[in-house]
Amino acid sequence: MSALYKMHLAKNAVMGVYNGKSVPLSYTSQVEAYKAVRENALLVDYSHMSIVRVMGDDAWSLVNHLASADVSVIRDEQGIYSLLLNEDGTVWGDAYILCTDEGYYILSESLSVNDIIERLNVILEYRVDLDIQDVPEITAMDTQEWGAVLLEGPYAWELLAEIYGFDIIGLPYHEYMSTDDGLITFRCGRHGEYGYLLVGEQQQLVGVWQQLLDKGDKYQLKAAGLDYQELVRIENPCWDASIYQNYSCNPLELQMQWAIQYDKENFIGKSAVEEFSRRGAERKLVGMVPLVEGGDITADDKVLADGVVVGVIIKGGYSPARKSYIALALIDSDYAWSDIAGFAIRTAHGDINAATHNLPFLYNFSMLVNPTEHSFIDTTKPKSALSGIKV
């Protein structure tokens, strides 16, 4: 039983399984968790992330062939987000790849450690053209009792700076720092908010978790389980196998081609995804909003134009920030334009008028918070760009 797992049981978290790992499903209500991540700060165990360490002189060649992003552009203490493709060009999963002076860490929410290591070994076995002279050392970090914790929200930086100092505030997006307690602190974020992923030994993470809770009262910090992702990943879409895999794994249809570096050296799925690009996508992911009050939209509801089915809803929910239902849909490319009315969604309660919407749905509050000017707790500073003059 891991250190984080023991802690969560002691704190009466509702546990569940994500990516084969036992992590909290919930600590508090989804409403409270949503309010915290969108308005101040939320603390979540992200140990469902698989962490694989690839070290050695030729680690770059191996990892770069695995990733669709160009790993060569990152240096020590930098990271990059990448899709990981199948040979047929479809999305197998995604990962953050962190560069160190000795190699790389691969962190994935949706792929197991065994799957990642198996694919790396297949590359090593069959890709003689990679010219790997020294076989990299590949290590599953869960065997080293590693885990991950995410602190996310508009004021996550201010809370974390109370523990690690003001270097946190200057940490650029997709860069990391190694803290004195031996953890990797990586600035990231997939839901439009400031996010800091703390990675390392679970016993250290338990200590940081408690420190954050102790200092977090004045920030109205909430601990939460992964069920908070249910809504924030509709508002700010990112790859999530549980949302997309039953509908499409085509990166062009999901409008994720930005994560593919077409002009880099060969990588798994490159020729296939280039063919996708030449042909163009028959369907595309768009946002949809009802044009009437209510409008409970759920997965598998059909999208119609002039009475003809042109798409399908793949995920829907109520957005407190927008005060309306929102949904993600895959619709025929000829109709996949933003802010177009004239659609109907066939729900279990009847047809409702709807319009397409540009993604993401939110202009996040974090975008109005400047760590050098604003504060959640310092009353001499405004809380955000909306707060006006200092009080």
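Which strand gives the most to the lining of the largest pocket? Strand 14 does, with three residues.

Okay, some ground rules. This is a predicted model, where local features need pLDDT of at least 70 and side-chain atom pairs count only at pLDDT 80 or more, while totals for chains, interfaces and linings use all residues. Residues are numbered from 1 along each chain as its sequence is written, and side-chain values use heavy atoms, with hydrogens and water left out.

A pocket here is an open set of points on a 1 Å grid over the protein atoms alone, where a 1.4 Å probe fits, with protein on both sides within 12 Å along at least five of seven lines; lining residues have an atom within 4 Å of a point. Volume is the space filled by probe spheres set on the points, joined across faces, edges and corners.

So, the largest pocket: about 800 Å³, with 38 lining residues, and Arg190, Pro237, Cys238, Trp258 and Pro360 nearest the centre. Strand 5 (79-85) and strand 14 (283-290) each give two or more residues to that lining; strands are DSSP runs of E, at least two residues, and helices are runs of H or I, at least four, numbered from the N terminus.

The second largest pocket is about 390 Å³. It has 22 lining residues, with Tyr18, Arg233, Asp240, Ala241 and Ser242 closest to the centre.
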